[in-house]
Structures are given as C-alpha cells and as structure tokens.
Amino acid sequence: MNRYIIKNIFLTLILAGVGNYAWSQNIPIQKDSINSTNEIPGRLFSTTLYNNTSATATVSGETLYRTATPNFTNTLSGQLSGLFITQANGEPGNDNAQWQIRGVGSYGRGYYNSAKIFVDGFEVTTDYLSYLTPAEIDHISVLKDAASLATLGMQGANGILWVETKRGHIGKPTVSLQLRSGIQQPINIHKPLDSYNFASLYNQAVSNDHGMKWTPAYSPDELNAYRNYTGTNVDWYDEVLKENGYYTDADFTFNGGNQNARYNVLLGYANQQGLYNVSNTDQTSNQRLSRYNIRANLDFKLFTIVDASVDLGARLEDRKQPNYWNTMNDLAAYPSNIYPVYDEKATEDEFKFSGTTLYPNNPVGSIKGLGWYSSRARTLQGNFRFNERLDFITKGLYLQEAFSFYVRSLSTYSKTRNYARYFNGAPTTTDQTTSIVASSYGSAGMDQWMQGSITLGYANNFGKHAIHSALNLHLSDFKGDGLYEYKNRYVNYNGRINYSYDNRYVGEFGFSYFGSDAYAPGNCWGFYPSVSAAWIVSNESFLKTNDMLNFLKVRGSVGKTGTSESNATDGLSNFYSNGRYLYQQYYYYTNPFYTGTSAPFTDTGSLTPLFIANSHTFAEQSMKYNLGLDVSLFKKINFTIDMFIDKRKNILTMDNALMHYYGTNHYLDNIGKMTNKGFEASISFSDQINKIKYSVYGMAFYAKNKIDYMAEVAPAHPYNAKTGQPYGTVIGLEAIGFYQPEDFNADGTLKNGLPTPLFGSVQPGDIRYKDLDGNNFIDQTDVTKIGNPSYPKWNFSFGGNIHYEGFDFQVLFQGAAGASVNLLNHSTQFIAFVNNGNAYEIAKGAWAYYPEQNIDTRTTATYPRLTTQNNENNYQYSSFWMRNNNYLRIKNIEVGYDFCNKLIRNKNLSKFRVYVNALNPITWSPLLKDYDLDPETGYGYPALKSFNFGINLTF
C-alpha cells in the first residue's frame, strides 16, 4: 500500500477538523415500542431496534460495577451471551482475563483474546480496556454476526467488544460518589505435603529406583522428628502469603448540561494490595496496584447545524512488587524439609536467610531481601468529533468527521539488593548481602495510535418506508517501541444501507473494502460484503391484537469478514510482527551446525532464511451465517436464540509438505480451513407482587469447532490425526492400568505377548498403554483423542434480583462445561520428586509393593510408582492425566438498601445506598475439590474471592 497516499489522506482529515464517530451500526439509534425495562444479561430488549437485523449482546456499566475487581475484563464473566470469559489469577496489575466470542473459530490465532476492542468508536489495545472503571461505562456490546461486523472488514472475523462511555444528560447537574472497600482471599491454595509425608514417599521413590529394594533415604529417627514437628517442616505458603489482601476504589462523577452543552466528568481511584507477607517500606514492597482515572466527555452545539464533542480518557497505573518474579513457582517446588527460613548459626548477617545451591531462592528471602521493582503506565485517548446536519440539502443527510489519538507509555524504577545464603552457618553460594541500590528511571516502551474517519449518512422515513444508510472512511496508524515494537496501518472504506417497510420487513446490505500494510503491494485489499434481513412477525395484522405475544422477530444474516493477524509464526526466532510482512524475506544468524564426520565437523554458522517469503499471503477469511429469534411474551418473558456457523478458510498455516533444510525451511500459506458452529439462548422473567419486584434470568451458549485442513504431516493412522478434531483436542496414549510384578520375567523384561513401550524401560507400577495399531509396540502411532480442548463447549449463567421498597438483592451464577485439563500441564504439582521436585497429595496414591514394610497398593493405586529419575513412560500425554473441567460459581451476590426510599427525604440527595457484596464466594468444581486447582486459573498466584462494603451517593 502506498504510504504517501495514506499520509495525505490523514492530513486531509486532520485539516478538515475530524472527530469521533461510533461506527457500530452507522444508523441513529431509535427505540422500539417494547416497554420492558428488565435487563437481560446478553441482550437489552428495551433497546432492540425494529430495523436491527444483527446478533449483538449488551450489558450496562452499572451491572458490571457489581463485580468488585480492579481489572475491567474480569467484570464481564457471565454477563454477555456469546462471550466466554476465563478469569485471571488475582495478582495485582497482572490479572487480565481471557475471552472468546462464540468459541474458537480459527487455529491460526490461538484460543483467546483475538477479538478486537473499540472504545467510543475507535480501536484500542487490551491494555486500555483492562483498567477502565465500570463507572466510566455506559454499556458494552459484543458484535458477533456478519450483520453487526459487516463494516469492519479484516477486523471482524473473531468478533468485536464495543464499549461506549457515559455522556452528559440535559437536566439538573448531579454529583455521584461510588465507594467500596473489602478484603480479598485466595479461592484455593494447593499446598505440597509436609515433611513427614514427603520423606515417607521419598523413601519409596528411592527404593523403586534401586530395583524395588527397600533402601530408604530417611531414617526412622528422621521420620519421627518430622512427625513430631521437631525436624524442619516449613509451610512456605504460610510463611510468604497473608490470609487477606485488600481492595478499595472510588469514583466521583459530575453530569449535567443543557441544549447547548453537556458534560460527564469522572475521577476514579483504585488500590489493591496483594497477598505477600511483606511491609511496604523503602526497601520492600507487597505486590500492589494503584490506578487513577479521569474522563471528560463534552458535547457542544456550535451552530444550528453543527454539533461537536471532545472525549478525553486518561489513566495512570502504578505497579510495585518484590524484585523477584518466580516466588509462586518456588512455593510450589520447594519441599518443606530443605531448610528453616532463617539459619540461626549465621550470626554475622542481618538477614540470616537459609539457602543451598540446589534450592538457592529462599521464598521469604525473595520477598524481603531483594528490594522491589516498580513500573508506571500512562495512557491517554482523545477523541474529537464534528457532526453537520445537512437537511438544507435534503432531509436526513448528515456528515460526520472524527479523529482519535491514543498513546501509552511505560516506565520502570527499582531498588535492588541481594542476600547471602547459609546452611548450618556456612555460606552456600557466592551471593553476598548488599546495601539497597536505586536503579535509573527508564522507559520500557511506548505506543501511539492515530485514527480518523469521515462519514456521509442519510436517515429518513417516507410513510411506511424507512432508510438508514452511511458511507465511511476509516484510517488507522499504529506504531510502537520497546514492548510494543511493531507498526500497523490500515484503511477501511465501508458502508451499509438498511431499509424497512411498515416496521415489519427489514433488509440490510453492508460492506467493507479493507486494505492492510501487512501484505504485498497489489495484494493488500479485500472486499467483505454482508446481507441480512428481519421479519417482525408480531406487527402482522393477524398478531397485532394478540395479548400473549408482544414481540416476535425472525432475523438472519450471511457475510464475509476477515482477520489480518495470525500466530502462525510463533516459534520463529527474531520475528515479532505477529504474522505480518510475510511477503518480505527475513534472515537470522544460526548457531554452528554439523557438516559431516570428517574435520572440520561443524560450520561456524551462517545467515539463514527465517522463513520463505510468500507474496501471495493474505488475510484469513470467515463466512458467517446466523439465524436468530427474539420473543416477548405476556410483557413478562423475554427470550432470544441464535444459531450460527463460522466457516474459515485461508488460515495462515505452515506448509509441512515442503522438506526442511537445517530445520528452517518454513513456508507459510493461506491453506488452512476450519468450521465453528453452535447456538446461544437467553431468557428472563419479570413480575411484581404488591411492592415486591423480581426477575430471574439465564443464558447459555454452545460452540464446537472442527479443523477441516491444516497441512498436517500425514499420520500413520486416522486416529492419530488432529485434522477432523476440535482445535486443541488432546492427542495421547490410552492408559489401561499399571504394570504388575507378574507382567515381568525374572530378568526384568516384559513377558511375551505384552506390547513393548518405546519410551524407556518399565517396571511394576509404571503406566500401561493400549496398543491401538496392534504391532506389539507402544509409540506415537498409538496416540488418539484422549481429552477435549482446554476451553469449554458449554458456557452458562443464571441469576435473579428482588426489590422491595429500599431493599435489593441480586445474585449471579456462572459456569462452564465440556473442557478438559491435562494435569501434566501443572507438572510441578503432579510429577513427584523428578528433578528434585516436590510432592503433593496425589502422590500418596502411588503404586508400591514392599510387603515387609506393610506397603501394598497394587490394587488401590491411583498414581504410578514414585521415582526420583526422569520417567518418560509415565509422563507421556495420556488419558491417565486427563480430567474434566466442569464448574459452577456464585460469581457475585449483593444485598443493599437505599435510605432515600423512606428514611431520608432530601431534595438534594436522590440516592444513599449502602450494600455488601461478594465475588466468587463459592465454587463447585471437581478440580477444586480433588486437587485444589481453580478451574479457571490453575496454579501460580491464586485466584481471589472478595467481600466488600460499598456506598453510593447521588446529589
């Protein structure tokens, strides 16, 4: 694409005084006659348009505010039909949730976070979304089908999160204060065994390694000392973590205006203190986050036909933490008996932290003796908009110009020191205790995003006819350095025309002609059309007088969208452009490699192609089909259902048909295909009994995909293949029990007739696998599907609310089903003793046979034999390690009372509400029950539940 043309278009827009236009529908919003005000998570029937043909889901910022968490992405869980959220761990400042819209549509982009994000009409990064406050948000929508995504071209294939912030209202000025504070606690802590159980099982492991001859490493006296708590027995989790963290946030909002000017100004603050048991001093710091938000949305009437708006959203994020990043890993990996926290014989040192060469990073020393690290992120988005009503040319004609700039910078500062490690009074490493030293204040990255758009629209009614249409030009220029080191430019010509007749029949055509600089000149543009229609059946004469059926709409859409980004290049060193510029040839310098058996044996290294350039690569393509139904019954029941199919092709894929030389003959091409399909449904019921108002609601969605083609190396057998399976399906061996002593000859070899595993020698207590191909060997030709992907097929939520005079109560349940967890992905906690590792409760079910020690678990074992050595056979991906990951949470629950209902009558105070709420207070999950694993976050810094008290005041 010609950069000169792009720059000149940008300059033209800037000189024209461009501003911001929320390009989601390109149609002025007008509400229909449905009077229901009940909010259904996932869809607001009160804002359903007669002329809307798309599948969208919407939730208000007020609803999201009930979920008390500093990271905005975690407030979305269970709130929007078609959007699945995997909540993050609770680490302050590093707790971004992951999300999918309608499941996973492509293997070229990974499981999560592939949807684009727009705030007030302009694209932003995930970082910008993460730390918005719900008090800023008017509503957030999920755009899911071809009708809603038509104008977004190469950005629409994976769906869109569309955020609109609050604006001023005409009327009396108001001042609102929202304040809440509470404690945060771990949902789960998966602790290892104490010293006695660790040592007892370690004796088994060592004896197994010695040919199943009882040769314990720990003597009876040592075991008794551990059992009587006179030996070393450190609970590292208790030493490093506190029971509670703390969270506080506050938002001040000023809102008002008249016909000529309106304003909404917000000041926000949040502070989160983590779980590390360390003070906030000049030399130490807990894990913590402080956030400061300011937003000013201003609207003006400049002239009779000209409106303008200025939107400014700024944020400051301060993060601080101990100057060590692997504390949680060490807590999981360090056994309880390695050494006490402090070495009392080290009399000359202020710290006296224990440590050895094998376990050098004393977890308490890591948070107290290494100083701290901090970072500061500054974010600013500014949008400027002009709107001209051109009714003097023809009624309904308008022109809008918009410009947006977004900038984010990250700077770092730290104070560091070190500490000596001791064991029995003697230093064990070369580390020395040092004084704390301040680092220089430096930049860690910066990005800048400039966007502009200009729109010519027309909206008018002609009796029973209504037309809403618009043409738009959108330009984007992103560049960054440091952590954000890449550039991205695109141009999007788009438009739509919507025609409706008599509020009964609606048809719409949308399109995008999208160009991206990711592709070779002459091959960088794509056309993305869509068509959609709706029939409002309830407006037909034969149903207009029906008291039961208040509203019935049938709608459908089909269209093409795309995505210009791919993760297909993951793993190619020194290539960070996210699948871009594959038409250009890149090189990297290789390490020396073998050239033969005679001197010289190796080359000294050389420049090698990073991949083979392909000038024909282009954007992945998605054909989306959607059929939906919206129903309202008895003015109390609202129901919607959508069925969808997403057919992908041109997925950027490594072509494995080509031979590799030096292992670097990578060729990527648009050859992949995949299909994703499913349905979504949501329902609500609202009613009132005397003064009691109540509603109940629920929603569920199902999505399942299949890889149609991915250039997979031809497998030995069809059941070995990933093609034809859902993306992320776990392929492995089928476990059929444990080898028993009678399976072996006297010399330790397997008896005739038993297939021979090719993963190293085996002995009694090792996992036995099924020989699927019947060749009497167990190898990679015997793998098959053993588990589902790690993301769920089913997602659901349900809840309700009750209002009685000033009292209110609401609860939301959220859950998922159909996913699998591979315990080997949490190897620290499920592979006992190997590589000097730790041991957990699951290891107590290990296979063992030592009759003289009264140990015999041959018939009851739930874990393979223990060993301190690498055991390739037992730790293959297999059905033995797979578990279902179904769960249900009480996501949030809240009880409140508004004193202004009866107790306080003050014309200047319209709301004085106090409440208590809880986030994630209860979770039902087999993983949590059996293994202390949170179903969403796994291990590491724990996920959090919180209990909060809040006040809402409006003057």
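How many helices and strands does the secondary structure of the protein chain come to?

## Overall architecture

The model is predicted. The secondary structure of the protein chain comprises eleven helices and 44 strands. With a radius of gyration of 31 Å, close to the 30 Å that the globule rule gives for 955 residues, the chain is as compact as a globular protein of that length. The C-alpha trace spans about 95 × 70 × 60 Å along its principal axes.

Of the 955 residues in the protein chain, 57% are buried. Among contacts in the chain with a separation of 6 or more, 71% are between residues 24 or more positions apart.

## Strand 42 and its neighbours

Strand 42 covers residues 887-898, and nine of its twelve residues are buried, so the strand is largely enclosed by the rest of the structure. Strand 42 pairs with strand 37 (residues 807-817) in the antiparallel sense, over ten bridges. Within this pairing, Asp-808 has Gly-896 of strand 42 as its bridge partner.

Strand 42 is also joined to strand 43 (residues 911-924), again by ten bridges and in antiparallel fashion. Here Asp-898 stands opposite Arg-913 of strand 43. As background, side chains in a regular strand alternate between the two faces of the sheet.

## Aromatic pairs

A search of the whole structure turns up 45 aromatic pairs. One of them is formed by Phe-198 and Tyr-202, whose rings are stacked at 5.9 Å centre to centre, with 20° between the planes. Both residues belong to helix 5 (residues 195-209), and because they are four residues apart there, about one helical turn separates them. Phe-198 counts as buried, at 4% relative accessibility, whereas Tyr-202 counts as partly exposed, at 23%.

Elsewhere, ring pairs link a cluster made up of Tyr-107, Tyr-111, Tyr-112, Tyr-727 and Tyr-791.

## Charges over rings

Two tyrosine rings can be described together with a charged side chain. The charged end of Lys-560 sits over the ring of Tyr-528, at 5.4 Å from the ring centre. Arg-858 lies over the face of Tyr-849, with a distance of 3.9 Å to the ring centre.

## Cysteines

How many disulfides does the structure hold? The count is zero. In general terms, a disulfide is a covalent bond between the sulfur atoms of two cysteines. Cys-524 counts as buried, with a relative accessibility of 2%. Cys-900 also counts as buried, because its relative accessibility of 10% falls under the 20% cut-off.

## Positive phi in loops

Most residues other than glycine have a negative phi. Met-212 is not a glycine, yet its phi is positive, at about 60°. Met-212 lies in the loop between helix 5 and helix 6 (220-227). Its relative accessibility is 23%, so Met-212 counts as partly exposed.

Asn-854 likewise has a positive phi, near 55°, in a residue other than glycine. Asn-854 is found in the loop between strand 39 (849-850) and strand 40 (855-856). With a relative accessible area of 74%, Asn-854 is exposed.

Technical notes. Residues are numbered from 1 along each chain as its sequence is written. This is a predicted model: local features need pLDDT of at least 70, side-chain atom pairs count only at pLDDT 80 or more; totals for chains, interfaces and linings use all residues. Side-chain values use heavy atoms; hydrogens and water are left out. Buried means under 20% relative accessible area, exposed over 50%, partly exposed in between (1.4 Å probe, protein chains only). Helices (H or I, at least four residues) and strands (E, at least two) are DSSP runs, numbered from the N terminus. Two strands pair if DSSP finds at least two bridges between them. Rings of Phe, Tyr and Trp (its six-membered ring) pair if their centres lie within 6.5 Å; planes under 30 degrees apart count as stacked, over 60 as edge-to-face and the rest as tilted. A charge sits over a ring if NZ of Lys or CZ of Arg is within 6 Å of the ring centre and within 35 degrees of the ring normal. A disulfide is a pair of cysteine sulfur atoms within 2.5 Å. The radius of gyration is taken over C-alpha atoms; the globule rule is 2.2 Å times the number of residues to the power 0.38. Contact means heavy atoms within 4.5 Å.
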